[in-house]
Amino acid sequence: MSSKSIALSIASSLAVGAGVGFAVASKKLAGKAVKVASKPRLYIYDHCPFCVRTRMIFGLKGLPVDLVFLANHDEETPIGLVGAKVVPILETPAGVVMPESMDIVRYVDANYGEKVILAEADADRTDLKQWIKDSAECMRYLYHPRFHATLFAEFAFEESRNYYKTKKEKTIGSFETAIAESPKYVAQLNEFLVALEPMLKKPHSVNETLSYDDIDLFGRLRGLTIVKGVEWPPKVLEYITYMSKVTDIPLLDTLARF
Ligand SMILES: N[C@@H](CCC(=O)N[C@@H](CS)C(=O)NCC(=O)O)C(=O)O
């Protein structure tokens, strides 16, 4: 792992990045390093909706996992693992290393735990697919400046924050402008959420049963909880609150500042 990476282990035993480094030098810790390697590892950013997808399957199945929060500007680590500057990445003790969030979810659901828990995405949910397509742009304008302004582990370094800003401003323009235009985007989002509410077929799943559509949807909605002034329709709020609890992925409302 690159020295530029922040590696914060959620595991109880030993911080992953620093821990692995120490273990190499310390006979005392060598045993613990082996213990860390016995768990699958997810390389992620906390803010990243695709990474949320991969965290969900571990949470839903109650599986242990080491979360490794990479510094946003760290290109060396992901490129070294999968040949591209991308997260999420799964690395297993057996040596499986893979990118692509939905591939990771599928692999973990098929290979870990007692049984497969996710139904396939419902190809007939054209309403949901259209909603995801239509709401994506508004979400980007809300997400990016707020993620950047929040001290997630991946943004601990100034270099990480600058890297993110430069990259994302190429897609949405100035963060300052996006923030200044917040009322417009929040109003749009509120309308999207009103439209989403009747699409939730069950209180705790968007289709009749838990499926890949929930993996996609909660990944998107969790990031929006960092936006202040959003009017969450009751059923959507129930859905994200439940998902947050059963996946063990905190919502971001306590970090919402604007
Ligand atoms: N199709 C990929 C997309 C992953 C993706 O776009 N990840 C973003 C983080 S949210 C990324 O790594 N971007 C490169 C960067 O931040 O420089 C997946 O589903 O895993």
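I started with contacts (two residues whose C-beta atoms, placed from the backbone, lie within 7 Å). Among contacts in the protein chain between residues at least 6 apart in sequence, 71% join residues at least 24 apart.

**Ground rules.** I am working from a predicted model, where local features need pLDDT of at least 70 and side-chain atom pairs count only at pLDDT 80 or more, while totals for chains, interfaces and linings use all residues. My numbering runs from 1 along each chain as its sequence is written.

**Overall count.** I get 11 helices and four strands for the protein chain. Helices (H or I, at least four residues) and strands (E, at least two) are DSSP runs, numbered from the N terminus. I then looked up burial: a residue is buried if 20 or more other C-beta atoms lie within 10 Å of its own, exposed if 12 or fewer, and partly exposed in between, with C-beta atoms placed from the backbone. Of the 258 residues in the protein chain, 36% are buried.

**The core.** Which residues have the most contacts inside the largest nonpolar core? They are Ile-44, Tyr-45 and Val-87, in a core of 51 residues. Domain 1 (41–111) and domain 2 (126–255) both supply residues to this core, so it lies between them. The domain bounds come from an automatic or database domain assignment. For the record, a nonpolar core here is a set of buried Ala, Val, Leu, Ile, Met, Phe, Trp, Tyr and Cys residues joined through C-beta atoms within 7 Å. The general background I keep in mind is that nonpolar side chains tend to be buried together in soluble globular proteins.

Leaving aside neighbours within four places in sequence, Tyr-45 is in contact with Cys-51, Phe-69, Leu-70, Asn-72, Val-87, Phe-152 and Glu-154.

**The ligand shell.** Tyr-45 and Val-87 turn up again around the ligand, along with Cys-48, Phe-50, Lys-85, Val-86, Pro-88, Pro-99, Glu-100, Ser-101 and Lys-167.

Two shell residues have backbone features I wrote down. Val-87 and Pro-88 are joined by a cis peptide bond, with omega about 5°. Pro-88 sits in the loop between helix 4 (76–82) and strand 3. Glu-100 has a positive phi, near 75°, though it is a residue other than glycine. I find Glu-100 in the loop between strand 4 and helix 5. Glu-100 is partly exposed because it has 17 other C-beta atoms within 10 Å. As a reminder, most residues other than glycine have a negative phi, and most peptide bonds are trans.

**Helix 5.** Ser-101, from the ligand shell, is also one of the buried residues of helix 5 (residues 101–111), with Ile-104, Val-105 and Val-108. Seen down the helix axis, these buried residues fall within an arc of 100°, so they line one face of helix 5. The arc is that of the directions from the helix axis to the C-beta atoms. What do the buried residues pack against? I find helix 3 (49–60), strand 3 (89–91), strand 4 (97–98) and helix 10 (212–224). On the face turned away from the buried side I see the exposed residues Ala-110 and Asn-111. Gly-113 follows helix 5 and has a positive phi, near 85°.

**Asp-213.** Buried or exposed? Asp-213, in helix 10, counts as buried because it has 22 C-beta neighbours inside 10 Å. Not counting residues up to four places away, Asp-213 touches Ala-121, Asp-122, Arg-125, Leu-128, Val-206 and Asn-207. Asp-213 and Leu-128 are 85 residues apart in sequence, with 8.6 Å between their C-alpha atoms.

**Helix 11 and beyond.** I checked Ile-240 in helix 11, which is partly exposed with 18 other C-beta atoms within 10 Å. Beyond four places in sequence, Ile-240 contacts Phe-218, Leu-221, Arg-222, Thr-225 and Leu-251. Asp-248 lies in the segment after helix 11 (234–247) and has a positive phi of about 60°, although it is not a glycine.

Key:
Near = placed C-beta within 6 Å.
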